[in-house]
Amino acid sequence: VLVAYTDGLCKATNRAGEEWGWQRLLKAVEDCADERAHDIVEGVMRTVDAFAGGAPREDDVTLFVGRIQEPISQMPRWREDYEVVAVAA
């Protein structure tokens, strides 16, 4: 799982002025880390919105999650494109 975000996500504040922070981001990602990438994004955004409780955003928020569902079990295709020939010198 690869997570990339802008600082506006962690700087989201609640009505008391408390910042959400990267520790809460980490916990939110860990809580749904077994889900699909789209669902992780949705879960994190729901969590930060609930924390903010409708407080206005001071900065833009961007969150990207990339996930490999299944590791490569065969030889990568780029390796198939080349033929290795042993040559005696």
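Which residues of H2 are buried? The legends below take up this question after an overview of the predicted model.

**View 1. Overview of the predicted model and its elements.** This is a predicted model, in which local features need pLDDT of at least 70 and side-chain atom pairs count only at pLDDT 80 or more, while totals for chains, interfaces and linings use all residues. Residues are numbered from 1 along each chain as its sequence is written, and side-chain values use heavy atoms, with hydrogens and water left out. The protein holds four helices and two strands, where helices (H or I, at least four residues) and strands (E, at least two) are DSSP runs numbered from the N terminus. Starting at the N terminus, the order of these elements is β-α-α-α-β-α. Of its 89 residues, 26% count as buried; here buried means under 20% relative accessible area, exposed means over 50%, and partly exposed lies in between (1.4 Å probe, protein chains only).

**View 2. The buried face of helix H2.** The buried residues of this helix are Gly-21, Leu-25, Ala-28 and Val-29. Seen down the axis of H2, they fall within an arc of 120°, so they line one face of the helix; the arc is that of the directions from the helix axis to the C-beta atoms. These buried residues pack against strand E1 (2–5), helix H1 (7–10) and helix H3 (37–52), a contact being heavy atoms within 4.5 Å. On the other side of H2, by contrast, Glu-30 and Asp-31 are exposed.

View 3. If residues up to four places away in sequence are not counted, Leu-9 touches Trp-20, Leu-25, Val-44, Met-45, Val-48, Asp-60, Val-61 and Leu-63. In soluble globular proteins, nonpolar side chains tend to be buried together.

View 4. The structure holds five salt bridges, each being a side-chain nitrogen of Lys or Arg within 4 Å of a carboxyl oxygen of Asp or Glu. One of them joins the side chains of Lys-27 and Asp-31 (2.9 Å, N to O), and both residues lie in helix H2, four residues apart, about one turn of the helix. Lys-27 is partly exposed at 47% relative accessibility, whereas Asp-31 is exposed at 55%. In another pair, the side chains of Arg-24 and Glu-18 meet (2.8 Å, N to O), with Arg-24 partly exposed at 32% and Glu-18 partly exposed at 38%. Asp-7 and Lys-11 also form a salt bridge (3.3 Å, N to O).

View 5. Tyr-5, Trp-22 and Leu-26 make a nonpolar surface patch of about 330 Å². Patches are made of residues with over 30% relative accessible area and no salt bridge, with like charges joined within 9 Å and nonpolar side chains (Val, Leu, Ile, Met, Phe, Trp, Tyr) within 5 Å. Accessible areas come from the Shrake-Rupley method with a 1.4 Å probe, and for residues only the protein chains shown count as cover. Trp-22 lies in helix H2 (residues 21–31) and is exposed, with a relative accessible area of 51%.
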